[in-house]
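The sequence and structure are shown below.

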Amino acid sequence: RAFADQAGAAEGEHVFLAGAGHRDGATMKIILTALLACLCGNALAAELTPNLPPADVVARVLRATPSFDAARGRVLVEEENKARLEAGSYEWNLRLAAHQRKVQPSSGQDERYNEWNAQLERPVRLPGKASADAELGAVGVAIAETAQGDALHEASRALLRYWFVWLKESASATQWTEQYALLEKQSVAIRRRQQLGDAARLEAIQAEAALAQAEAQLAQALARRNGASEDLRRRFPGLPLNATEAIAEPQAISGSEIEWVNLIREHSHELGIARGEMQKAQLAAGRAGRDRLPDPTLGIQVARERGGEEHILGVYVAISLPGGGRQAIASAALAEAGVASSREAATDQKITAEAAALYHSAVAALTTWQASRSAAERLKRAADMTARAYQLGEGSLNDLLAARRLANEGQLAAKLAQLESLESRYRLLLDTHQLWDLD
């Protein structure tokens with residue numbers, strides 16, 4: 001209707017402008033077509049993720065979570081660490097000394113001289129070490145940025161999970177509200193029939209008991225829904241809780257298991273972090289291997305001796321003599337690289353297994369919902385037929401109450417299965433960055 005109204009308005013504008021001579025008919029048809037295409041495009045974009053909050057709201061809420069703030073702060077830390085590694089710990093050292101020289105000649109009075117010396121020195125990184133340090137710093141920043149994306153992704157996973165918990169509890173409360181209203185109407189009718197002498201008191205008691213049971217179930221469902229909404233509100237402040245009454249029909253999962261698994265592995269932040277840690281460990285092992293050859297220290301020395309009679313200017317080189325400690329550090333770093341490689345392989349295996357399980361769960365959830373929907377429809381028809389039979393005096397109230405109970409359970413199970421199928425599909429899209437891609 002909205003499209004038709006806007007289209008009608010556009011056509012009216014077309015007539016006005018054409019009559020005024022501002023546009024010719026062909027030009028206005030092009031404009032109208034483009035307008036309708038734009039409107040339809042926006043509608044399709046909105047329908048791609050039914051039963052979910054708007055993507056822009058989700059982005060704003062997720063970027064306000066403490067976990068994302070912490071991950072963003074870690075990126076800043078690694079950037080400063082990168083600057084530290086590039087600069088190195090090679091600083092200038094200034095040494096100053098003052099002393100007094102006493103000369104005792106074989107004859108004559110003792111001679112005393114005030115003397116001083118100064119040294120300025122600095123270690124020098126051997127070739128190759130500076131570039132290795134720069135690579136280590138860059139990898140650290142890359143890992144932190146991937147971890148920032150992972151924090152955002154984990155927060156979006158949590159939002160999706162708690163959102164569907166709330167939707168399921170809301171659907172349960174809605175279903176029990178409908179059941180309570182139906183049983184209340186039925187109880188009033190039976191009570192009226194009892195007053196007219198057309199129904200036994202036992203039937204009125206049975207109807208009231210069924211109504212009381214439904215009231216208890218409704219109270220529990222409302223409590224669970226309120227608890228889920230409060231939990232969601234406190235975990236993600238600012239997220240509007242606007243659930244639509246209609247539940248979207250889940251779509252079939254297109255694509256094979258291998259395709260989905262590869263997509264999830266390709267977009268997995270956890271796997272990206274593990275690979276980054278492996279690369280960092282390998283670089284650290286190479287850097288430790290270079291440190292087996294110590295860096296030299298170059299210095300310049302200035303001295304004044306014999307009270308100024310002698311002036312000294314010189315340069316010197318200091319080289320540490322490597323021991324077993326440097327070799328042990330290099331060997332430990334190499335072993336750590338092997339550990340990181342094994343950890344990356346284990347993470348890849350874990351992500352692959354979880355992705356395959358998620359794919360099969362989504363496929364099975366769709367089948368489960370279709371079966372549950374079919375069962376719910378049959379149970380509802382059976383309950384309607386039992387109700388008509390009871391009105392005609394061909395059935396008992398027990399049969400009607402049992403049919404109502406089974407139909408209510410079937411409808412509730414179908415709604416929950418429908419939401420479960422939607423959630424599984426959205427989880428697949430989320431892990432492949434086709435839903436809420438915030439990186």
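## Backbone, strand residue and overall make-up

His433 is placed in the segment that follows helix H10 (397-431). The model is a predicted one, and the values below are to be read accordingly. His433 has a phi of about 60°, a positive value although the residue is not a glycine. With a relative accessible area of 14%, His433 is buried, since the cut-off for that class is under 20%.

A positive phi is also found at Asn51, where the angle is near 65° in a residue other than glycine. Asn51 belongs to the loop that connects helix H2 (25-47) with helix H3 (55-62). Its relative accessibility of 13% means that Asn51 counts as buried. As background to both positions, most residues other than glycine have a negative phi.

| Residue | Relative accessibility | Class |
|---|---|---|
| Asn51 | 13% | buried |
| His433 | 14% | buried |
| Asn114 | 51% | exposed |

Asn114 counts as exposed because its relative accessibility is 51% and the class requires a value over 50%.

Which residues is Asn114 in contact with, leaving aside its neighbours within four places in sequence? They are His99, Gln100, Arg304 and Gly307. With one of these, Gln100, the side chain of Asn114 also forms a polar contact of 3.3 Å.

The description now turns to the whole protein. It contains 10 helices and four strands. Read from the N terminus, the elements follow the order α-α-α-α-β-β-α-α-α-α-β-β-α-α.

Of the 439 residues in the protein, 36% are buried; Asn51 and His433 are among the residues in that class. Among contacts with a separation of 6 or more, 80% are between residues 24 or more positions apart. The protein exposes about 25,300 Å², and carbon and sulfur atoms supply 55% of this area.

Conventions
Residues numbered from 1 in each chain as written. Predicted model: local features only at pLDDT ≥ 70, side-chain atom pairs only at ≥ 80, totals over all residues. Heavy atoms only, no water. Buried < 20%, exposed > 50% of the residue type's maximum accessible area, 1.4 Å probe, protein only. Contact = heavy atoms within 4.5 Å. Polar contact = N/O pair within 3.5 Å; in protein donor to acceptor, adjacent residues only side chain to side chain. Helix = DSSP H or I, 4+ residues; strand = E, 2+ residues; numbered from the N terminus. Areas by Shrake-Rupley, 256 points an atom, 1.4 Å probe, with all protein chains shown as cover.
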